[in-house]
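Please keep the sequence and the 3D view open as you read.

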Amino acid sequence: MFISYRILTMSSNRIAWKILLMLSSLLAMWVFFMASGNFSKFGPTIKLPISVHQQNISKKLLSIDVPLTTAMAPTEIKKKTNKIISQLDQLIPHRSFSHMNTTTSAAHSVATIFNPKTTYCRGDQLDILLEMRDFWGQRKEYGGDFLRARISSPKLKAGASGKVTDFNNGTYLVSFTLFWVGRVSVSLLLIHPSEGVSALWKARNRGYDKVIFTGQFANGTSQVFTECGLVLKTSAELCQYLDHRDQEAFYCVRPPNVSCNALTHMKSRNSEVSYLSIKEKTLFQRSNVGIEIMKKFKSIVVSNCNNSEMEREKCHIGIKVPVPSGYALQGRWISASCKLTQFNAMNIINDCLKGKLIYLMGDSTLRQWILYFPNIVKTLKVFDHHGSGKFKKHVLVDVERHIHIQWKKHGHPFVTTQLFSMKDDEYVAREIDRISGDKNTAIVIALGQHFRPFPIDIFIRRAINVRRAIERLFLRSPETKVILKAENIREMYIEAERFGDFHGYIQYLIMKDIFQDLNVGVIDAWDMTIAYGTNNVHPPNHVVENQINMFLNYIC
């Protein structure tokens, strides 16, 4: 009995010892494998923004291989980003493109008034039913077309956008509110067919190389230029400009014998890269973009038979913005949800701005604001910050009234062929973190145009980071006023794959979703520029003036 037990024990110990040796060997091999760095040969050496690897979501439309050197554990930002991408992927149609004749044709599609009336009164709703057909005249059996709806009265300098409902079966309902009295014309544009929308979505998310950035480094008294970007496919040594907290990253090829801290300027140019097939590119020729849909009716005459008008509250931070958000009449913007004061007297504007610190953060559509402010506030003077180029920090001051207004461009990506300084470059979230805030401080943020050429995860992450920065600001200074300015629509002839309005519209929806329950003001520039019919990324001064007027209503 004793002998048998001892033999059994010794046998068990030998087995356990062998298992331990095997595990130790495997562990040693793994450590050697990782330390050797040979794992990099199993995947391309691509420097990606931190934690942007998409985990087989959305039918792998957005999946990009990430080497182990940059892969990190999933973060809250990444989870939120992936969730939004997944939702978008369900929203956007996935349609293969075989022949132009099977795509949506504006000329063959038909628009009819739904439940027409003999008399239309101001404030009534006009509903139009769209039946989309292909070039063969066959009815489309699915939706997803990118449409733009607008009513206008040119003699009255009036315009408003329409709300489009997609039934996902080839029919759409377009609803207009008849805001003003007079003869009203209806415009229904097919910007892109659903097949084009599908192609643009896939092309956008396939690569970061549709724009090439060039960094300028100081090397004594000379300059050295190298390639930079959100992603670089190279085996060369890289300068990594990382924001670990916000999971943001930018890279430059490191010049030989030059410090990464010597980066002084940046510019960009469009690459020759395209992720559209030759056949798909035909969908985006100018003759196929923004085509008027055939209508079975003429203009609508609106009468002043409905004189009742509800009293509306004054526009203020946090008020919900409807669709449409308002309309233009005699060139003046009128909100659909609240009462706007017209700040057209200099003394009123001066009283409004007295003691205010105003920070404009974003792209050149906000730069338009700071260039226009001196036209309406004559006492504002330019303060020279010793920068260079049109994208340097702009500052206006009125010392007597203690008014300070500044514009500063947002951080990477910033797309322009003109050289701009990197010495004071920062992400918007970090800029917000530096502001102490109080009841006389206002921040306006505009993001979008420069993100259009890149995969959508870059924009989503940036919007999430900006929201988190605003939440931190409100914790230390809840009185600070924050206003979000949406993107402007832009030119029809612009290259659709890189800068087209479809990309802007997706970003517009993302901004609405991410900031929907935050106590901020919204200037719906997307809706405004459709109403004004500008089709220009930098709209004319009367549109800029009305955007500024809405901003003044939020802060005064």
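## Overall make-up

In the protein chain, 75% of the contacts with a separation of 6 or more are between residues 24 or more positions apart, where contact means heavy atoms within 4.5 Å. This is a predicted model, in which local features need pLDDT of at least 70 and side-chain atom pairs count only at pLDDT 80 or more, while totals for chains, interfaces and linings use all residues. Residues are numbered from 1 along each chain as its sequence is written, and side-chain values use heavy atoms, with hydrogens and water left out.

The secondary structure comprises 12 helices and 28 strands; these are DSSP runs numbered from the N terminus, with helices being H or I of at least four residues and strands E of at least two. Of the 556 residues in the protein chain, 53% are buried. Here buried means under 20% relative accessible area, exposed means over 50%, and partly exposed lies in between (1.4 Å probe, protein chains only). The chain exposes about 26,500 Å², with carbon and sulfur atoms supplying 55% of that area; accessible areas come from the Shrake-Rupley method with a 1.4 Å probe, and for residues only the protein chains shown count as cover.

In soluble globular proteins, nonpolar side chains tend to be buried together. A nonpolar core is taken here as a set of buried Ala, Val, Leu, Ile, Met, Phe, Trp, Tyr and Cys residues joined through side-chain atoms within 4.5 Å. The largest such core has 115 residues, and those with the most contacts inside it are Leu353, Ile445, Ile470, Phe551 and Ile555. Helix α8 (residues 456-476) gives the most to this core, contributing 11 residues. Apart from this core lies another one of 29 residues, among them Ala111, Met132, Ala149 and Ile334.

What does Ile555 touch, not counting residues up to four places away in sequence? Its partners are Cys352, Leu353, Lys356, Ile358, Ala442, Lys481 and Ile483.

Helix α12 (residues 541-555) has 15 residues and should span 21 Å at 1.5 Å a residue, which agrees with the 21 Å between its end C-alpha atoms. The expected span is 1.5 Å times one less than the number of residues. Because 12 of its 15 residues are buried, α12 is largely enclosed by the rest of the structure. Those buried residues include Asn546, Gln547, Asn549 and Asn553, along with Phe551 and Ile555.

Helix α3 (residues 194-204) is also mostly covered, with 10 of its 11 residues buried. Among the buried ones are Glu195, Trp201 and Arg204.

## Strands and a sheet

Have a look at the open sheet of five strands, which runs in the order β7-β8-β4-β2-β17 with mixed pairing. At its edges stand β7 (163-166) and β17 (294-295), each with a single partner strand, so one side of each is left without a neighbour in the sheet. Two strands pair if DSSP finds at least two bridges between them. Strands β2 (residues 104-113) and β4 (residues 125-134) run antiparallel and are joined by six bridges. Thr112 stands opposite Leu129 in β4.

Elsewhere, strand β15 (residues 263-270) holds Ser268, which counts as buried at 6% relative accessibility. Beyond its neighbours within four places in sequence, Ser268 is in contact with Val211, Ile212, Phe213, Phe414, Val415, Thr416 and Thr417.

## Salt bridges

The model has 27 salt bridges, each defined as a side-chain nitrogen of Lys or Arg within 4 Å of a carboxyl oxygen of Asp or Glu. One of them joins Arg430 and Asp243, at 2.7 Å from N to O. This pair links distant parts of the chain, with Arg430 in helix α7 (residues 428-433) and Asp243 in strand β13 (residues 238-243), 187 residues apart.

Asp433 forms a salt bridge with Arg245, their closest N and O atoms being 2.9 Å apart. Asp433 lies in helix α7 and Arg245 in the loop between β13 and β14 (248-253), so the pair ties together parts that are 188 residues apart in sequence. Arg434 and Glu426 meet in a salt bridge too, at 3.0 Å from N to O, and Arg434 is exposed, with a relative accessible area of 56%. Finally, salt bridges that share partners join Arg148, Arg452, Glu487 and Asp501 into one network.
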